[in-house]
Structure formats: structure tokens, C-alpha cells
Amino acid sequence: MKTLTKLREVLETYQHLFVILLTLFLVGTSGWLMMGRTLRANASVWDILHVYLGLLAGIFSVTMLLINMMRGQWRQYFPYLVGDFTQLGNDVCGLMRGKLPQAGGRGLFSVVEGIGMLLFVAVSVTGLMWFLTQGSSEALNWRSYHHSLAHGFIVFMVIHALFAMSHLLDFIRR
């Protein structure tokens, strides 16, 4: 039991780093893939790594979402689900006036992080479905969904990185 507790603590501590490294690898090498309806018998190392590291990333996507939700942070990442638009509205109005939003709370940064977690899970689920249906006519549909959601996730990663840099810039200015 102690080993499982220690493993969970390590996972929670380094999960964000693992996710960053995995997603950068998966996105960075995705242009080298030659997969369609199925993983070929003579698949390249990039195809094989993408599939199996993608499955690992899928596990991280679910655990990251669950850990954040179990800690009661769902109201932080999804305040609009309970009709709370106050800080989000203030952040958007402030942004229009050139003021950077505050990190944390129930504002723009947190809402974007929540959307990113959902996108990550959706990319993972569609990748898993593509893997499970490989060889069938459905596989190409799941591949298409996977690609579309992956592009959305890439946009999220860029926005998330810009938000992180703006937060650091704001921190340095203080």
C-alpha cells in the first residue's frame, strides 16, 4: 500500500511534466507518421511510438482530469457550469483594456485550462477508438476526429504557453 501511495504522489507531482513531454513528442513527430486504417505490420518506429506513447498519454489525460476534479477544482476550471461568469467576464473586459488576467481563481486562465483538459481527453479517446477499430471502415472516421481534435489541442498548447509566459512576465514585473 505504501508503494502505491508513493507512486500516486510521484504521479501527481510530475504529471504535468510527463504530459508536456509526451504531448510535445507526439505532436512533434506526428508529421512522420504513415498510418491510415491500421498500424501496418512493417510500421516505422515513429508509428509504433506514437501509438503506444499516445495510449500512455491517454491514461495521463484521464488521471489529470480526475485528480483535478476530485480535489474539488472543477468549479475553478468550469465555473460557467454553475453560472459563475464574474471573474471570467472581468478578465475578458480587462484584457480588452490591455490588462493581463490573474492566474488561478475562476477566470480566463483557469477556464482555458479546463477546456485544454477536456480536449486532451477527447484527443485520447478518439486515438484509442482509432486504435481499437483499426482495419475497419470506422477507423478512418476516428482518425479524422483524432486529427481535428489534435489540431484544437495544439492551439490550446500554444495559448496555454502564451498564458504561462504572460504570467511569468507579470511575476517578474512585480
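Biologist: Are F153 and F156 buried or exposed?

Modeller: F153 is buried, and F156 is buried too. Buried stands for under 20% relative accessible area, exposed for over 50%, and partly exposed for what lies in between, with a 1.4 Å probe and protein chains only. Please note that this is a predicted model, in which local features need pLDDT of at least 70, side-chain atom pairs count only at pLDDT 80 or more, and totals for chains, interfaces and linings use all residues. Residues are numbered from 1 along each chain as its sequence is written, and side-chain values use heavy atoms, with hydrogens and water left out.

Biologist: How many aromatic pairs does a search of the whole structure find?

Modeller: The search finds ten aromatic pairs.

Biologist: Why is the pair of F18 and F60 called tilted?

Modeller: The ring centres of F18 and F60 are 5.6 Å apart and the planes stand at 45°. Rings of Phe, Tyr and Trp (its six-membered ring) pair if their centres lie within 6.5 Å; planes under 30 degrees apart are stacked, over 60 edge-to-face, and the rest tilted. The pair of F18 and F60 is therefore tilted.

Biologist: Which parts of the chain does this pair link?

Modeller: F18 belongs to helix α1 (residues 2-29) and F60 to helix α2 (residues 45-70), 42 residues apart. Helices here are DSSP runs of H or I with at least four residues, strands are runs of E with at least two, and both are numbered from the N terminus.

Biologist: What makes F18 partly exposed, and why does F60 count as buried?

Modeller: F18 has a relative accessible area of 32%, so it is partly exposed. F60 stands at 10% and therefore counts as buried.

Biologist: What describes the pair of F153 and F156?

Modeller: This pair is tilted as well, with 5.6 Å centre to centre and 35° between the planes. Both residues lie in helix α6 (residues 138-173), three residues apart, about one turn of the helix.

Biologist: Which residues does Q15 touch, leaving out those up to four places away in sequence?

Modeller: Q15, in helix α1, touches V10, F60, T63, M64 and I67; contact means heavy atoms within 4.5 Å.

Biologist: Why is Q15 called buried?

Modeller: The relative accessible area of Q15 is 4%, so Q15 is buried. Other buried residues of α1 include V19 and L22, and what covers the buried residues of α1 includes α2, α5 (108-132) and α6.
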